[in-house]
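Welcome! Here is a short briefing for anyone meeting this structure for the first time. Have a look at the sequence and the model, then read on.

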Amino acid sequence: MSTPMVIVHGVSQSFNDRAILSNVNLTIHQGEFVALVGASGSGKTTLMRLLSGLQAPDAGEIFVPQKSTTVFQEPRLVQSSRVWQNVVIGMQKGSSTKDLALQALEEVGLAEQAHAWPATLSGGEAQRVAIARALVRRPQLLLLDEPLGALDALTRLNMQALLSTLCAKYQPATLLVTHDVDEALLLADRVLVLKNGTIAHEVIVDSPRPRSVSKGLETQRLNVLSLLGVTTAGINE
Amino acid sequence: MSVLSAPRLLSQRPRKASWSLLTRISLPIILLVGWILLAKSTLIPPLTLPTPWQVISELKAMYLQQHLMSNIGVSLLRAIVGLALGAGIGFLLGLFSGLSKIGEEFFDATLQMFRAVPFIALTPLFILWFGVGETPKILIVAFATYFPMYIATASGVRNVDRKVVESAKTFGLRGPRLVKEVIVPLATPQILTGLSLSMVISVLALVAGEQISSQNGLGFLFAQSQAYGRNFEVFTCILLYACMGLLAAVVVNVIQRVALRWRKGVAVR
């Protein structure tokens with residue numbers, strides 16, 4: 001865990017004179033899983049868009065590896081291409097491309113849907129295709145922009161386990177943006193709290209995996225929640 | 001206790017294929033029956049409206065004496081070549097205008113201007129410029145058909161989901177591949193609407209293009225029968241044009257079935 005894969009240095013961004021990000025600094029190393037939490041409008045998605053190159057920062061520098069992929073909140077599949085074609089979209093086409101797609105779908109448990117149209121999949125299935133599409137390229141940087149946010153609680157638990165396994169297997173540098181503090185603590189090595197456009201806090205999570213929120217993470221959970229400005233009295237079950 | 005009932009079905013029930021065919025042909029059959037009744041009645045002088053049998057014998061006569069099939073073939077070829085040219089240009093310009101602001105700013109206004117020029121008014125000019133051969137006829141068809149394709153492609157391309165395009169870009173799809181693999185397939189429903197309009201208009205333009213200074217083609221037969229006051233022949237030609245319109249609809253339908261299989265779960269129907 002020594003090679004830095006993401007370096008964000010003094011990045012600022014504003015929309016219509018409103019500062020979204022101000023002087024953000026961030027380093028993510030190879031194989032490291034970093035979660036970014038923050039309230040709505042704290043600039044999480046903007047940071048993601050900057051890292052994936054969908055927009056350029058007003059100020060500061062960003063360095064990312066060549067191979068970087070994103071899983072968005074919605075699957076964003078191309079409806080007019082079959083599931084397996086979606087997985088290898090944009091890749092150089094060769095004789096082994098389809099096998100590659102089928103392998104990746106196998107890993108997310110969707111081998112049987114390879115020839116289906118995206119419109120016939122459930123929300124969870126479509127999102128698994130999106131994950132296969134992101135991992136089939138063996139990215140050095142994996143950007144997860146609230147990838148499980150739109151899924152139901154049960155599917156989300158399964159998908160968290162799936163993401164955890166796959167990230168451990170392929171060891172990309174991973175940045176997960178999420179609203180879900182539990183999810184952040186379950187998956188990440190480090191949780192960053194974004195507040196008023198800057199990274200205000202960092203919480204190291206070094207519990208062994210696989211983790212469970214009810215085992216050894218309670219204090220950190222309350223800690224992160226209070227950093228996010230949630231009064232813990234009400235949710236202390 | 002309130003009375004409960006099964007929820008009202010909001011989607012369309014699946015129907016048998018045979019019923020579907022019957023529904024399709026029912027209105028043409030009704031029209032045909034109406035035509036027969038009208039032709040047999042005394043409401044209309046018999047010389048102005050032929051019966052279906054008279055039309056069939058007229059067709060036979062045209063087939064034997066006026067090379068009907070080869071004339072239709074010539075007309076179809078002109079329509080297809082003109083359409084390929086016009087719709088092809090419309091598609092490319094629409095793509096350009098839909099994808100890039102520069103493209104739209106550069107030629108949108110000009111195309112909108114040309115569109116308002118009635119192609120029938122151009123016929124004498126085109127003959128003056130391009131002679132009396134195939135060129136002016138094909139160009140008239142092309143001129144008449146580029147616009148529906150242009151407007152449909154431009155708006156189809158512009159309406160493709162920005163989020164999907166963004167995500168395709170993050171996976172490395174750029175330039176021509178992005179257009180070919182994502183943008184055009186997703187815009188196909190609208191592009192095909194444009195194509196179907198262009199096809200119908202190609203038949204209209206053919207009527208205009210072939211009526212002046214032609215030695216062959218359906219338009220030539222039409223013009224001749226008009227000139228000699230052969231009403232039944234005029235009527236038969238009109239029916240043949242209608243059949244060409246039907247042919248265009250069938251072609252578009254087949255293309256839609258093949259190209260839009262993915263859309264089953266997306267569109268309302």
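Predicted model: local features only at pLDDT ≥ 70, side-chain atom pairs only at ≥ 80, totals over all residues.

Chain A has seven helices and nine strands, and 41% of its 237 residues count as buried.

**Chain A as a whole**

- Along the principal axes, the C-alpha atoms of chain A fill a box of roughly 50 × 45 × 35 Å.
- Take the contacts in chain A between residues at least 6 apart in sequence: 70% of them join residues that are at least 24 apart.

**A three-stranded sheet in chain A**

- Three strands of chain A form an open sheet in the order β2-β1-β4, and their pairing is antiparallel.
- Which strands lie at the edges of this sheet? They are β2 (18–29) and β4 (59–63) of chain A, each of which pairs on one side only.
- On average, neighbouring strands of this sheet are turned by 15° against each other, direction ignored.
- In general, the strands of a sheet pair through backbone hydrogen bonds, in either a parallel or an antiparallel way.
- Strand β1 of chain A covers residues 4–15 and pairs with β2(A) in the antiparallel sense over eight bridges.
- To find a spot on this sheet, look for A:Val8, which stands opposite A:Leu26 in β2(A).

**A closer look at B:Leu221**

- In chain B, helix α9 spans residues 218–227, and B:Leu221 lies in it.
- Is B:Leu221 buried or exposed? B:Leu221 counts as buried because it has 25 C-beta neighbours inside 10 Å, where 20 or more are needed.
- Leaving aside residues up to four places away in sequence, B:Leu221 touches B:Met62, B:Gln66, B:Asn71 and B:Cys237.
- B:Gln211 is ten residues from B:Leu221 in sequence, and their C-alpha atoms are 8.4 Å apart in space.

**Where chains A and B meet**

- How many residues does each chain bring to the contact? Chain A gives 16 residues and chain B gives 16 residues.
- On the side of chain A that touches chain B, the residues divide into six nonpolar, seven polar and three charged.

Terms used:
Residues numbered from 1 in each chain as written. Chains lettered and ligands numbered in written order. Pairing = 2+ DSSP bridges. Helix = DSSP H or I, 4+ residues; strand = E, 2+ residues; numbered from the N terminus. Axes fitted to C-alpha atoms, helices over the stretch in contact; angles between N-to-C directions. Contact = placed C-beta atoms within 7 Å. Nonpolar A, V, L, I, M, F, W, Y, C, P; charged D, E, K, R; others polar. Buried ≥ 20, exposed ≤ 12 C-beta atoms within 10 Å, placed from the backbone.
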